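Here are my notes on the model you sent. They are set out as numbered points, to be read next to the sequence and the coordinates.

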Amino acid sequence: MYNFAYMKSPNFLKNYTIAELRDYVRGMGEQAFRADQLFDAMYAQGIEHIHDIATLPKALRETLEQETVMSAVRLQKIQESNDGTKKFLFELFDGRAIETVLIPSEMVTDDGSPKRMTLCVSTQVGCPLNCQFCATASLKLKRNLFVAEIVDQLLAAQRYTEKKITNLVFMGMGEPMLNYDNVMAAVSIFTHGDTPLLGSKRITLSTAGVVPGIVRMADEKSPIKLAISLHATTNGLRKEIMPIARKYELTELGNAIEYYYRKTRRAVTYEYILFEGINDSEADAKRLARFTRRVPSKVNVIPFHDIEFTNPTGIAAELKPTSREKFKGFISLLQSHDVTVMIRSSSGVDIDAACGQLAFSNASTETTTPLLSEVL
Ligand code: SAH
């Protein structure tokens with residue numbers, strides 16, 4: 001269904017999981033523990049250049065420098081919101097670009113610093129799913145990200161952030177289930193070792209409802225958390241605003257989620273954007289409660305973020321955020337039906353960094369430094 005031009009990755013060091021890196025160094029006639037030293041240098045110590053990895057013999061460093069590429073993203077721009085949210089624009093080796101968003105939690109610790117620092121990571125350049133409310137859809141799919149391009153979003157963002165990034169969500173550009181292998185390889189890198197970059201319980205994958213991906217996470221007993229972008233409780237509406245629903249209807253989606261729960265015993269999160277007069281009625285709340293109560297879950301109710309800058313047409317142009325009053329009423333209704341509800345904040349909305357706004361609206365493509373594609 002989703003064909004895009006096959007593109008080969010440069011030999012990025014961060015494409016390799018630990019097992020693959022051990023094989024790679026063995027192939028170079030080295031012992032496998034060199035891979036572990038390399039992993040430690042890159043991920044635990046955050047060393048950016050191969051020649052600075054003192055634990056590796058000089059000859060190996062030289063070969064690695066010739067054969068491989070250490071950095072897969074190049075920072076082009078950071079925008080900072082009034083609420084502390086930061087949006088990073090990264091350039092990729094082929095000149096394409098992605099955005100990554102860092103969101104400090106509103107909750108603070110005793111010393112006044114944010115309790116959580118959540119990084120919202122992209123998995124594709126653009127997205128093929130064409131959800132009518134999402135700005136990324138306007139880009140269409142350019143390509144999948146390579147493992148290193150996913151991993152480096154975290155490492156690069158961390159470099160520009162004093163506080164440690166504590167949580168990661170695959171909720172940036174793209175549909176993670178359509179780049180499943182690379183996303184899960186990145187997860188295995190993030191969670192590897194005694195001092196992992198992140199624990200698996202602090203990583204969440206959000207899907208628009210790609211059923212085979214949900215089933216695969218269940219079968220593999222994937223240790224990360226699962227979120228489902230639901231946004232509609234009838235097939236009619238869901239098909240209209242999320243074309244992927246034409247392929248996987250609500251019954252099939254619900255069954256896959258139940259299967260996932262039976263296999264993993266992990267609660268799921270539902271995401272539900274409220275659109276004025278479209279999916280915010282009492283009947284919607286009842287159906288939403290019925291659907292989500294099938295397995296232990298919580299519902300994240302999300303205010304609709306403006307995507308006017310993409311010049312929406314058709315149903316997309318009719319979507320408006322639900323009024324404050326109705327928003328509150330909808331939440332109370334869900335609660336009265338025993339649904340655990342969270343309200344997703346609109347962090348970063350002033351810099352178009354909130355959910356669904358990633359499409360380079362404000363992003364300048366001017367650079368003062370040479371492009372990554374020019375220096376490789
Ligand atoms: N493709 C994945 C992950 C990316 S979207 C998915 O669909 O889940 C991340 C979240 O932002 C999803 O819940 C998505 O539905 C939501 N979102 C998209 N556009 C939005 C908008 N304009 N306003 C608010 N949330 C939006």
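1. How many of the 11 residues of H5 are buried? The model is a predicted one, and in it eight of those 11 residues are buried, so H5 is largely enclosed by the rest of the structure. The buried residues of H5 are Tyr 180, Val 183, Met 184, Ala 185, Ala 186, Val 187, Ile 189 and Phe 190. Their cover includes helix H2 (33–44), H4, S7, strand S8 (203–207) and helix H6 (211–219).

2. H4 deserves a separate look, as one of the elements covering H5. Helix H4 (residues 147–159) packs with helix H5 (residues 180–190) at an angle of about 45 degrees, and the axes are 8 Å apart. That angle makes H4 oblique to H5. The crossing of H4 past H5 is right-handed.

3. Which residues make the contact of H4 with H5? From H4 come Val 147, Ile 150, Val 151 and Leu 154, and they meet Asn 182, Val 183, Ala 185, Ala 186, Ile 189 and Phe 190 of H5. By class, this contact has nine nonpolar residues, one polar residue and no charged ones. Several of the H5 residues named here, including Val 183 and Ile 189, are also on the buried list.

4. Next, the sheet. It is open, has 10 strands and shows mixed pairing, in the order S1-S2-S3-S4-S7-S8-S9-S10-S11-S12. On average, and with direction ignored, neighbouring strands are turned by 25 degrees against each other.

5. Within this sheet, strand S4 (residues 117–120) pairs with strand S7 (residues 167–170) in the parallel sense, over three bridges. Cys 120 has Val 169 in S7 as its bridge partner. Helix H11 (residues 324–336) packs on the sheet and touches strand S10 (268–274), strand S11 (297–303) and S12. The direction of H11 makes about 175 degrees with that of S11.

6. S11 can be checked from two sides, burial and pairing. Five of the seven residues of S11 are buried, and the strand is mostly covered. S10 and S11 pair in the parallel sense over seven bridges. One of the residue pairs to look up is Thr 269, whose bridge partner in S11 is Lys 298.

7. Is Lys 86 buried or exposed? Lys 86 lies in strand S2 (residues 86–91). Its relative accessibility is 17%, so Lys 86 counts as buried, the cut-off being under 20%. Apart from neighbours within four places in sequence, Lys 86 is in contact with Ile 78, Gln 79, Glu 80, Thr 100, Val 101, Leu 102, Tyr 160 and Thr 161. Val 151, one of the H4 residues that meet H5, is 65 residues from Lys 86 in sequence and 18 Å from it in space, C-alpha to C-alpha.

8. With a relative accessible area of 2%, Leu 56 is buried. Apart from neighbours within four places in sequence, Leu 56 is in contact with Arg 34, Gln 37, Leu 38, Arg 61 and Leu 64. The C-alpha atoms of Leu 56 and Ala 208 are separated by 43 Å, and the two residues are 152 residues apart along the chain.

Conventions: Residues are numbered from 1 along each chain as its sequence is written. This is a predicted model: local features need pLDDT of at least 70, side-chain atom pairs count only at pLDDT 80 or more; totals for chains, interfaces and linings use all residues. Side-chain values use heavy atoms; hydrogens and water are left out. Axes are lines fitted to C-alpha atoms, for helices over the stretch in contact, and angles run from 0 to 180 degrees between N-to-C directions. Helices (H or I, at least four residues) and strands (E, at least two) are DSSP runs, numbered from the N terminus. Angles under 35 degrees count as roughly parallel, over 145 as roughly antiparallel, 65 to 115 as roughly perpendicular and the rest as oblique. A crossing is left-handed if the near helix is turned anticlockwise from the far one by less than a right angle, and right-handed if clockwise. Contact means heavy atoms within 4.5 Å. Ala, Val, Leu, Ile, Met, Phe, Trp, Tyr, Cys and Pro count as nonpolar, Asp, Glu, Lys and Arg as charged, and the others, Gly among them, as polar. Two strands pair if DSSP finds at least two bridges between them. Buried means under 20% relative accessible area, exposed over 50%, partly exposed in between (1.4 Å probe, protein chains only).
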